[in-house]
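Hi,

Here is the structure I promised to pass on to you.

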Amino acid sequence: MQSILSLSQVSKTYASGHKALDHVDLDIHRGEIFALLGPNGAGKTTLISIICGIVTPSSGTILVDGHDAIHQAREARSKIGLVPQEIAVDMFSSVASQVRFSRGLFGKAPNQAHCDQVLKDLSLWDKRDAKIMELSGGMKRRVMIAKALAHEPDILFLDEPTAGVDVSLRRDMWKMIGALRERGVTIILTTHYIEEAEEMADRVGVINKGQLLLVDDKAALMTKLGKREMDLSLVDPLAAIPAGLEEWHLSLEDEGHRLRYTFDAQAERTGIPSLLRKLAELGIGFKDLDTSKSSLEDIFVDLVEQKQASNEGAVA
């Protein structure tokens, strides 16, 4: 699949000695939605800032649709629309004038029809003459997206796009992002909302402490790393897990009324039949059985914890 964005060995170390990015390699496919997940301080915003030419990398190369982001910065930046976390607009200007101004910043000829369509697509048409200071927080965020789309970029970066907006507006924005992808725009978003990645992303990257831990198709990631849980609702509650059940690493939940077994659904042997036989031998009855799969959030937390444990072991 063709890449529209390619990073090779990109690092950033600040004068203070803080290493914000550590030899990041990443290829973004043309037309995909890519979600970059990571805790605060993981390096997400630094990575975006480097690609957009706001921050200079300490080392590495970045190609934006074939243009070197460092030596051909103007050409590379013209391909990118950026919606930062912070709302940065002239609060005294109108919505429509901000969108037109943003288009002009990139040297694009005036195109009123395009600017009008962007406003309509983002449900801002009725607010086009309103001063931005009069808008709600969610509408201001829509204006930020409209500004980023004014110059018709091929790549759209959304840094925490739905932070601080309510659930209904968040879902509206998900629909809008999906519609942009259908028009061929490549979308890269950072988010704390794991459900956004589950809802929209084609691929997911996990970054922590400046290191890209993993990049994979969302479905493949959940298949490879996702665990399943089986909950048994017991007939009689247990005060502790009986001897003889150690090999299944069970846990007691709901004050002893539920027995939980976590297993790998992709394994050749899940251990479920032998567990059920053992429970019958021990006279432990259950009245209901339920299974569920891990969410992307569970997988994300596991990956970060595994990496931290690995680093601690290396230091020791």
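In helix 3 (residues 95-105), the buried residues are Val95, Ala96, Gln98, Val99, Ser102 and Arg103. Buried means under 20% relative accessible area, exposed over 50%, and partly exposed in between (1.4 Å probe, protein chains only). Those residues span an arc of only 165 degrees around the axis, so they sit on the same side of helix 3; the arc is taken from the directions from the helix axis to the C-beta atoms. Phe101 and Leu105, on the other side of helix 3, are exposed. The cover over the buried residues of helix 3 includes helix 4 (112-121) and helix 5 (137-149), where contact means heavy atoms within 4.5 Å. Helices (H or I, at least four residues) and strands (E, at least two) are DSSP runs, numbered from the N terminus.

A word on the model: it is predicted, with local features needing pLDDT of at least 70 and side-chain atom pairs pLDDT 80 or more, while totals for chains, interfaces and linings use all residues. Residues are numbered from 1 along each chain as its sequence is written, and side-chain values use heavy atoms, leaving out hydrogens and water.

Six strands form an open sheet with mixed pairing, in the order 6-7-8-3-9-10. Strand 6 (80-83) and strand 10 (211-217) are its edge strands, each pairing on one side only; two strands pair if DSSP finds at least two bridges between them. Strand 9 (residues 203-208) runs antiparallel to strand 10, with six bridges, and isoleucine 207 stands opposite leucine 212 in strand 10.

Best wishes
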